[in-house]
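Here is a short tour of one protein chain, written for someone who likes to keep the model open while reading. Take a look at the structure first, and then we can walk through it together.

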Amino acid sequence: MGVAALASCDSSRLAPRKTSVTPAARPAALVPPPAPKPAPKPAGPSAASQSLIDYYARVQNDLLVRGLLRTDGGGPDTVFTDTMLIRNFEQIALAEEYERGAGLKPSSGSPSAVKKWTKPIRMTVEFGKGVAQDQIPQDTARVSAYAARLSRVTGHPIQMVDRGANFHVLFMSEDDRAQIAPRVQQLVPDVNPSALSLFDNLPRSIHCLVIAFSDTPDGYDYGQAIAIIRSEHPELLRRSCIHEEIAQGLGLGNDDPRARPSIFNDDDEFALLTTHDEMLLKILYDPRLRPGMTREQARPVVVEQAAALAQ
């Protein structure tokens with residue numbers, strides 16, 4: 001049986017095999033431009049970072065469902081007296097949350113001393129490479145606004161700078177973990193090894209932290225501070241970290257379960273700095289309170305200020 005049909009793109013026998021005519025060049029206007037290369041897609045978070053994003057989203061949702069992470073600053077249900085303000089100040093400003101130079105080892109609860117800045121605070125923000133780009137302008141603006149608020153409250157000079165900072169707020173993802181300790185050591189070359197080791201295996205239960213350094217050995221006058229905030233936090237938890245860690249870096253270094261309404265309380269009832277907390281800062285930055293003063297030495301000023309503020 002013969003072939004019914006066959007199609008091919010072979011050359012015709014009638015077509016010339018060669019030609020001596022050189023075809024004209026195609027007009028430039030008709031030459032199609034090269035196709036643009038597709039923009040590289042930004043790398044997303046690693047599995048470890050995504051796991052933290054999911055975890056902290058659940059944490060925030062759980063706290064909100066329980067009526068915590070309040071942003072109202074308190075109200076009729078959180079009335080406090082000058083006596084309560086004195087007690088809270090002494091527990092939050094004149095005690096330590098962790099033992100000095102011992103990493104995350106809880107403090108024994110023994111009295112400490114007044115800790116504060118006497119030099120102007122020059123604050124800056126830094127972001128790890130793993131931080132989502134849309135978070136950067138948002139968090140920069142929040143830190144800047146909060147620094148201005150703290151300066152008004154305390155009467156202490158606090159300003160945002162691009163260079164020469166002494167208070168660094170670092171937003172870092174889990175994917176930036178390896179860069180945290182070297183950056184801290186670069187900022188504070190003589191940092192205590194136990195403080196530096198914190199960043200090698202930071203548990204997820206630590207949402208954020210701040211380390212403040214004195215200009216003198218075992219001193220109480222702050223000269224350098226570094227806050228670390230996990231970028232995996234959802235928006236409200238990130239704002240909460242900004243408020244608590246920067247305020248703690250000013251000298252309110254402890255938490256107390258009786259402090260209310262306050263962010264210096266591990267029950268997470270309040271997410272943002274309250275009027276009560278502003279009063280604590282006003283007392284701390286009374287110029288009569290000097291770094292290193294004991295509870296007994298500070299008490300007359302604390303009592304006087306609390307009576308005036310809580311009336």
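From the N terminus on, the elements of the protein chain follow the order α-α-β-β-α-β-β-α-α-β-β-α-α-α. That makes eight helices and six strands. Please keep in mind that this is a predicted model.

**The chain as a whole**

- The protein chain has 311 residues, and buried residues make up 44% of them.
- Its accessible surface comes to about 17200 Å², and carbon and sulfur atoms hold 54% of that area.
- Among contacts with a separation of 6 or more, 69% are between residues 24 or more positions apart.

- A pair of aromatic rings is described by two things, the distance of the centres and the angle of the planes.
- The count of aromatic pairs in this model comes to four.
- One of them joins Trp117 and Phe167: the ring centres are 6.0 Å apart and the planes meet at 20°. Planes under 30 degrees apart count as stacked, so this pair is a stacked one.
- This pair links distant parts of the chain, with Trp117 in strand S1 (residues 116-117) and Phe167 in strand S4 (residues 167-172), 50 residues apart.
- Trp117 also pairs with Tyr222, this time edge-to-face, at 6.3 Å centre to centre and with 80° between the planes.
- Tyr222 belongs to strand S6 (residues 221-230) and Trp117 to strand S1, so their pairing ties together parts that are 105 residues apart in sequence.
- Put together, Trp117, Phe167 and Tyr222 make up one aromatic cluster.

**Buried or exposed?**

- Where does Trp117 fall, buried or exposed? Its relative accessibility is 1%, so Trp117 counts as buried; the cut-off for buried is under 20%.
- Tyr222 has a relative accessible area of 8%, so this residue is buried as well.

**Charges over rings**

- Which ring does the charged end of Lys116 sit over? The ring is that of Tyr285, and the charged end of Lys116 is 5.0 Å from its centre.
- Arg204 lies over the face of Tyr55, and here the distance from the ring centre is 3.7 Å.

Methods:
Residues are numbered from 1 along each chain as its sequence is written. This is a predicted model: local features need pLDDT of at least 70, side-chain atom pairs count only at pLDDT 80 or more; totals for chains, interfaces and linings use all residues. Side-chain values use heavy atoms; hydrogens and water are left out. Helices (H or I, at least four residues) and strands (E, at least two) are DSSP runs, numbered from the N terminus. Buried means under 20% relative accessible area, exposed over 50%, partly exposed in between (1.4 Å probe, protein chains only). Contact means heavy atoms within 4.5 Å. Accessible areas come from the Shrake-Rupley method with a 1.4 Å probe; for residues, only the protein chains shown count as cover. Rings of Phe, Tyr and Trp (its six-membered ring) pair if their centres lie within 6.5 Å; planes under 30 degrees apart count as stacked, over 60 as edge-to-face and the rest as tilted. A charge sits over a ring if NZ of Lys or CZ of Arg is within 6 Å of the ring centre and within 35 degrees of the ring normal.
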